[in-house]
Amino acid sequence: MIDFVIGHYGYWFVIALLTIGLWGMLAKKNLVKKLIGMNIFQASVIMFYIASTTKWNATVPIIDPAVGSADATHYINPLPHTLMLTAIVVSVATTGVAFALLIMIYRRFKTLDEPTLLERMK
Amino acid sequence: MRLFRLLTVLSFGALLLYAASGLPDRGDPDAPPHRVRSIAGSLGAAAYYIQHAQSDANTPNIVTVILADYRSYDTLGEATVIFTAGIICFLLLKRQKV
Amino acid sequence: MTLGSDSPIIVLTARMLAPFIQLFALYVVSHGHYSPGGGFQGGAMFAASVVLMRLVAGSAVGQVQFKSLWAVPLAVFGMFVYAGAGLLSMAMGGHYLDYDFLPMTWLDYPARHSFGILIVEAGVALGVTATMILLYDALIEGRADD
């Protein structure tokens, strides 16, 4: 049981963060707060991938000449690091486009509150 | 309505907690993503990258080698995505000539 | 258009800090083979130094350092460097982005790959720098009339 908790508590924290982000996207009325919720959601997914790369007694994926590269258990898994490096960039890009769209919405309707926005869009 | 949203989020979290119990232990060196060969005998990608990055590209940083050499198509698409996002922001928010 | 800060201490600190941020960004890009770093991170840091000057000294002074008009051509140039490395190796008889066929015959096989990675990282750094500045300029434009 204690081994199960030690092996899985990192995932539980990530799931807590993910539900917080989902709650922000679903329940908040302000569009900027929805965007912040989406960013929390993305950060939790990135943290999940990074958490799954860990190996006990392993080091960062930069080859140390003293250790060598023959034994793969000496380095943590580098593949999710690469994928998440690009995912962070996509997160920046989506946030930028989302802010641009929010600015356009605000210029047209003069509000970012969702019920008011739905009223004015009729 | 608020209760419905709360139930949706909580049931989603409970489903994820149930699914997380099936994941391999964090830090286990023999977990399926980390192993050198799978049960069927095919090579594991991550272990292959660790063992061959230095000899293939003369670069100790394995993440850089994967980013720009093994998966460079992926990075090309990624750079295109951020470039497109910048251009879209520029075109959306450009001050219109009246 | 932002006006910038009135405090001389903030302006002086940012002016002293910005060149070192740029130098460290270049270090992060060029040392990405041996330590954590690379094109995305170094480009974001370089853009951070430019955005810092725009925030502190105002958009008008920031134009002296990096004109807003340069951002789109620089982003296109960064993408062209990346795609050009692939097209160059394709023109020399290999596959797209196959650094083995880059026309540096005096280098051995792994060193050619290392050189190709450096070219690609430089292209990514240029593209990310220009895109971040482009995003900032686009989002900050027209703030006064809202």
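Q: Which helix gives the most to the nonpolar patch?
A: Helix α1 (residues 2-27) of chain A gives the most, with five residues; helices here are DSSP runs (H or I, at least four residues), numbered from the N terminus. This is a predicted model, in which local features need pLDDT of at least 70 and side-chain atom pairs count only at pLDDT 80 or more, while totals for chains, interfaces and linings use all residues. Residues are numbered from 1 along each chain as its sequence is written, chains are lettered from A and ligands numbered from 1 in the order in which they are written, and side-chain values use heavy atoms, with hydrogens and water left out.

Q: What makes A:I2, A:I6, A:Y9, A:W12, A:F13, A:W56 and B:L17 a patch?
A: These residues form a nonpolar patch on the surface with about 730 Å² of accessible area together, the areas coming from the Shrake-Rupley method with a 1.4 Å probe and, for residues, with only the protein chains shown counting as cover. A patch is made of residues with over 30% relative accessible area and no salt bridge, nonpolar side chains (Val, Leu, Ile, Met, Phe, Trp, Tyr) being joined within 5 Å and like charges within 9 Å.

Q: Why is A:W56 called partly exposed?
A: A:W56 has a relative accessible area of 43%, and the term covers values between buried (under 20%) and exposed (over 50%), with a 1.4 Å probe and protein chains only. The residue A:W56 is found in the loop between α2 (31-51) and α3 (78-109) of chain A.

Q: How do you know how much area chain A and chain B bury between them?
A: Buried area is the accessible area (1.4 Å probe) that two parts lose on being put together, summed over both; for chain A and chain B this comes to about 4,300 Å², 73% of it on carbon and sulfur atoms. Contact means heavy atoms within 4.5 Å, and by that rule 50 residues of chain A are in contact with 44 residues of chain B. The count between these two chains is zero salt bridges, whereas 14 residue pairs are in polar contact (both at pLDDT 80 or more). A polar contact is a pair of N or O atoms within 3.5 Å; within protein, one must be able to donate a hydrogen and the other to accept it, and residues adjacent in sequence count only if both atoms are side-chain atoms. The elements that give two or more residues to the side of chain A that touches chain B are α1, α2 and α3 of chain A, and the largest share, 17 residues, comes from α3(A).

Q: What makes up the contact between chain C and chain B?
A: The contact takes 33 residues from chain C and 29 residues from chain B. Chain C and chain B bury about 2,700 Å² between them, 70% of it on carbon and sulfur atoms. Zero salt bridges are found across this interface, while eight residue pairs are in polar contact. On the side of chain C that touches chain B, α4 (71-91) and α5 (109-140) of chain C each supply at least two residues, and α5(C) gives the most, with 15 residues.

Q: Why is the pair C:D100 and C:R112 called a salt bridge?
A: Their side chains meet at 3.2 Å, N to O, and the rule asks for a side-chain nitrogen of Lys or Arg within 4 Å of a carboxyl oxygen of Asp or Glu, so the pair qualifies. C:D100 lies in the loop between α4 and α5 of chain C and C:R112 in helix α5 of chain C, so the pair ties together parts that are 12 residues apart in sequence. C:D100, at 24% relative accessibility, counts as partly exposed, whereas C:R112, at 14%, is buried.

Q: What makes helix α3 (residues 62-70) of chain B mostly covered?
A: Eight of its nine residues are buried. What covers the buried residues of α3(B) includes α3 of chain A, α2 (45-57) and α4 (72-93) of chain B, together with α2 (39-57) and α5 of chain C.
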